[in-house]
Amino acid sequence: MSSYPEDLRDLVEGYLAELRYSDRPETVGLEEAMRYSLLAGGKRVRPVLCLATARALGMDPETVLPTAAAIELIHTYSLIHDDLPAMDDDDLRRGRPTSHVAHGEDVAILAGDALFAEAIRLVAERQTGDPARVLSAICEIAGATGVDGMVGGQYVDVVGGGTDADSLRLLHSLKTGRLIFASVCSALVLSGLSLAEQDPYRRFATELGLLFQIVDDILDVTGSDEELGKPSGSDERHGKVTYVSLFGLERARELAVGSHRAALEALGETGGDPSALSQISDFIFTRQS
């Protein structure tokens, strides 16, 4: 198993654990449902990517914690909604009952809605820095979430898109890749780095999103429920086209090798210290869950 920037993950975990959303007794149950899914663990790849990008640029990672945490709130919202009966209809997430199983479908929907809204509020209220840059970070995150991002990708998936190599890549570049891309790019815009200097980081983020999905498809076939913390073979049960079903397992592994190599090559063109980003890339490539 590859090394991982655990110090950055610890920063994220501590920050998320301290977040509260309301002091109204009437909505205690909603906040409990939000925190149930948000604090369920995991490697926190997306917020850690944001912090690692800041570190690569010579910034103190703690200065971008509100933005990084907001990205994890949005990712958690997407998992809650993905697991719903109307979507993937999964009962297990990160080794325990999914939100709608634990809290009911109605509360799960509301918990996801609330996490997205609170994410935007978190950046707007707590992210320090030049206001124009903070606004740009919000735009990066919202764009990665909406019709041109995660939700749009989920729609393409729901209506049966992704039937060949090009459409499959488009689907996952929206559904999975865009939020990973925004995790890197939100830190870039907060730093004020020029567009030319941002280019290798953006190419890295694009390849990393593709790598993440290819590996995810491979693990859905090769992993166990215990390793994944969710039901394996879900894609096949739902009749979804994946990199494995389209190309075969061995070719999918070759594609993962190519994306991993391209991501590291892009990092090699940056002017900072991308060691933590390299560790995340290696971790995604070798992960087993």
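Hi everyone. Let me start with a term: a residue counts as partly exposed when its relative accessible area falls between the buried limit, under 20%, and the exposed limit, over 50%. By that rule F247, at 33%, is partly exposed. One thing to keep in mind is that this is a predicted model.

Searching the whole structure gives 3 of them. In one, the ring centres of Y77 and F116 are 5.8 Å apart and the planes meet at 55 degrees, so this pair is tilted. Y77 belongs to helix 4 and F116 to helix 6, so the contact ties together parts 39 residues apart in sequence. Y77 is buried at 12% relative accessible area, while F116 is partly exposed at 26%.

Now back to F247. Its ring and that of Y243 have centres 6.2 Å apart and planes at 15 degrees, so they are stacked. Both sit in helix 13, 4 residues apart, which is about one helical turn. Y243 is buried, with a relative accessible area of 4%.

Last, the surface: M87, Y155, V158 and V159 make a nonpolar patch with about 400 Å² of accessible area together. V159 is in the loop between helix 8 and helix 9. Thanks, everyone!

Definitions and conventions: Residues are numbered from 1 along each chain as its sequence is written. This is a predicted model: local features need pLDDT of at least 70, side-chain atom pairs count only at pLDDT 80 or more; totals for chains, interfaces and linings use all residues. Side-chain values use heavy atoms; hydrogens and water are left out. Patches are made of residues with over 30% relative accessible area and no salt bridge: like charges are joined within 9 Å, nonpolar side chains (Val, Leu, Ile, Met, Phe, Trp, Tyr) within 5 Å. Accessible areas come from the Shrake-Rupley method with a 1.4 Å probe; for residues, only the protein chains shown count as cover. A salt bridge is a side-chain nitrogen of Lys or Arg within 4 Å of a carboxyl oxygen of Asp or Glu. Helices (H or I, at least four residues) and strands (E, at least two) are DSSP runs, numbered from the N terminus. Rings of Phe, Tyr and Trp (its six-membered ring) pair if their centres lie within 6.5 Å; planes under 30 degrees apart count as stacked, over 60 as edge-to-face and the rest as tilted. Buried means under 20% relative accessible area, exposed over 50%, partly exposed in between (1.4 Å probe, protein chains only).
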